[in-house]
Amino acid sequence: MCTPVARSQVELKKVEDPQWSAGFITGEGSFMVSVTNRASYKAGGLVTLSFRVVQHYRAEYLMKSLPAYWGC
């Protein structure tokens, strides 16, 4: 049986460097485009854009700082 490893809280609480942000998203994020055909829409369909970043709960402060950094 393996013994759990204690991990510390992520210390980074504010993103300040756009290069760091780009690297982090490259490794931990994804961007998806979904197209649904529907005759009821004027354009004949619906396009949905999704952006997702998933992290362990230890990075809560970091995750909460991303929308503020991006201004959304």
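Guide: A residue counts as buried here when its relative accessible area is under 20%, and as exposed when that value is over 50%. The model is a predicted one. With those cut-offs, Leu62, Ser65 and Leu66 of helix H2 are buried. These residues lie on the same side of H2, because they cover an arc of only 120° around the axis. In general, an α-helix has 3.6 residues a turn, so residues three or four places apart point the same way. The face of H2 turned away from the buried side carries Lys64 and Ala68, which are exposed.

Next comes the cover over the buried side. Helix H1 is included in what covers the buried residues of H2. Two packed helices are described by the angle between their axes and the distance between the axes. H1 spans residues 18-28 and H2 residues 60-70; their axes come within 12 Å and cross at roughly 120°. That angle makes H1 oblique to H2. The crossing of the two helices, H1 and H2, is left-handed.

On the H1 side, the contact is made by Pro18, Trp20, Ser21, Phe24 and Ile25. H2 contributes Leu62, Met63, Leu66, Tyr69 and Trp70. By type, the residues of this contact between H1 and H2 comprise nine nonpolar and one polar, with no charged residue.

Finally, the end of the helix: Gly71 follows H2, and the phi of Gly71 is positive, near 75°.

Methods: Residues are numbered from 1 along each chain as its sequence is written. This is a predicted model: local features need pLDDT of at least 70, side-chain atom pairs count only at pLDDT 80 or more; totals for chains, interfaces and linings use all residues. Side-chain values use heavy atoms; hydrogens and water are left out. Axes are lines fitted to C-alpha atoms, for helices over the stretch in contact, and angles run from 0 to 180 degrees between N-to-C directions. Helices (H or I, at least four residues) and strands (E, at least two) are DSSP runs, numbered from the N terminus. Angles under 35 degrees count as roughly parallel, over 145 as roughly antiparallel, 65 to 115 as roughly perpendicular and the rest as oblique. A crossing is left-handed if the near helix is turned anticlockwise from the far one by less than a right angle, and right-handed if clockwise. Contact means heavy atoms within 4.5 Å. Ala, Val, Leu, Ile, Met, Phe, Trp, Tyr, Cys and Pro count as nonpolar, Asp, Glu, Lys and Arg as charged, and the others, Gly among them, as polar. Buried means under 20% relative accessible area, exposed over 50%, partly exposed in between (1.4 Å probe, protein chains only). The arc is that of the directions from the helix axis to the C-beta atoms.
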